[in-house]
Amino acid sequence: MEFFDVIKHRYSYRGDFTSKQLSEEDINKILKAAIAAPISMNIQTTSYVAITDKHIISKLGDIIKGNGIATAPFVIVLLSENLSGFSSMNFEVENYSAACANILLSVTALGYSSVWTDGILRAKEINDAVRHLLKIPKNKTIRAVLPIGEAKDPHRGEDKDTIDDLVVFNHY
Ligand SMILES: Cc1cc2nc3c(=O)[nH]c(=O)nc-3n(C[C@H](O)[C@H](O)[C@H](O)COP(=O)(O)O)c2cc1C
């Protein structure tokens, strides 16, 4: 898909997935796209749990209901770590967000769907259960869960605001 078509076609898909598995090649493309994202001061604060094991995905789907997680053939859990470099400035949220955007666009380019699942992880009992299931070390913060696969029920994304709505040229 042409680059700007990918941007136009990406949307948050919250339904179930078909049983189509992702090839290892596609999984690697998606993970490489994540790692290629910009990172502040080139200090890598983002890391990933890439889940292809059906049983683990099913258990994750028991913890995080909805967003098709239980049916996803592939799930990426994004983690971040506070590794402040030359100063006390912490860019881990910005860094993982840039990686997330790269993942969502590469998923779209390959014909799959996903959704940035984040809010539910802010509930302590859910966060603790995900950490326990995936054996995530204490020094890493769980940021987002991205279920990835072929949409069973694809649809159009929401309409977006326009340049006129959001942009001023040169100054307010
Ligand atoms: C930081 C962030 C957190 C989000 N968290 C969630 C979430 O927890 N659950 C969810 O279903 N969608 C979540 N989304 C997806 C947004 O709801 C979605 O991007 C927005 O409604 C625009 O729709 P679109 O992605 O189809 O363009 C999140 C998006 C961002 C950028």
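Where is lysine 135 in this structure? Lysine 135 sits in the loop between helix H5 (124–134) and S3.

## Before you start

You're looking at a predicted model, where local features need pLDDT of at least 70, side-chain atom pairs count only at pLDDT 80 or more, and totals for chains, interfaces and linings use all residues. Residue numbers start from 1 along each chain, following its sequence as written.

Let's begin with the strands. Three of them make an open sheet in the order S1-S2-S3, and the pairing is antiparallel (two strands pair if DSSP finds at least two bridges between them). Strand S1 (46–51) and strand S3 (141–148) are at the edges with a single partner strand each, so one side of each has no neighbour in the sheet. On average, neighbouring strands here are turned by 20° against each other, direction ignored (axes are lines fitted to C-alpha atoms, for helices over the stretch in contact, and angles run from 0 to 180 degrees between N-to-C directions).

Now for who faces whom. S1 and S2 are joined in the antiparallel sense by six bridges, and valine 49 has valine 77 in S2 as its bridge partner. Strand S2 (residues 74–80) is linked to S3 by seven bridges, again antiparallel.

How many of the residues of S2 are buried? Seven of the seven are, so S2 is largely enclosed by the rest of the structure. Here, buried means that 20 or more other C-beta atoms lie within 10 Å of a residue's own; exposed means 12 or fewer, partly exposed is in between, and C-beta atoms are placed from the backbone. S3 is largely enclosed too, because seven of its eight residues are buried.

In a regular strand, side chains alternate between the two faces of the sheet. S2 is covered on both faces: Phe74, Ile76, Leu78 and Ser80 are buried on one side, and Val75, Val77 and Leu79 on the other.

## Helix H4

Helix H4 (residues 92–109) lies across S1, S2 and S3, running at about 165° to S2. Its length checks out: at 1.5 Å a residue, its 18 residues should span 26 Å, and its end C-alpha atoms are 26 Å apart, which agrees (the expected span is 1.5 Å times one less than the number of residues).

Just after H4, glycine 111 takes a positive phi of about 90°.

## Out in the loops

Most residues other than glycine have a negative phi, and most peptide bonds are trans. Asparagine 42, in the loop between H2 and S1, has a positive phi of about 55° even though it is not a glycine. Lysine 135, back from the opening, is not a glycine either and has a positive phi of about 55°. Asparagine 42 counts as exposed because it has 7 C-beta neighbours inside 10 Å, and lysine 135 counts as exposed with 7 C-beta neighbours inside 10 Å.

The loop between S2 and H4 holds phenylalanine 86 and asparagine 90. Is phenylalanine 86 exposed or buried? Phenylalanine 86 has 7 C-beta neighbours inside 10 Å, so it counts as exposed. Asparagine 90 has 16, so it counts as partly exposed. Beyond its neighbours within four places in sequence, asparagine 90 is in contact with Asn82 and Ser84 (contact means C-beta atoms, placed from the backbone, within 7 Å).

## Around the ligand

The residues around the ligand include Tyr11, Arg14, Trp116, Asp118 and Glu158 (to be near it, a residue needs its C-beta atom, placed from the backbone, within 6 Å). By class, this shell has four nonpolar, five polar and three charged residues. Ala, Val, Leu, Ile, Met, Phe, Trp, Tyr, Cys and Pro count as nonpolar, Asp, Glu, Lys and Arg as charged, and the others, Gly among them, as polar.

Methods
Helix = DSSP H or I, 4+ residues; strand = E, 2+ residues; numbered from the N terminus. Contact = placed C-beta atoms within 7 Å.
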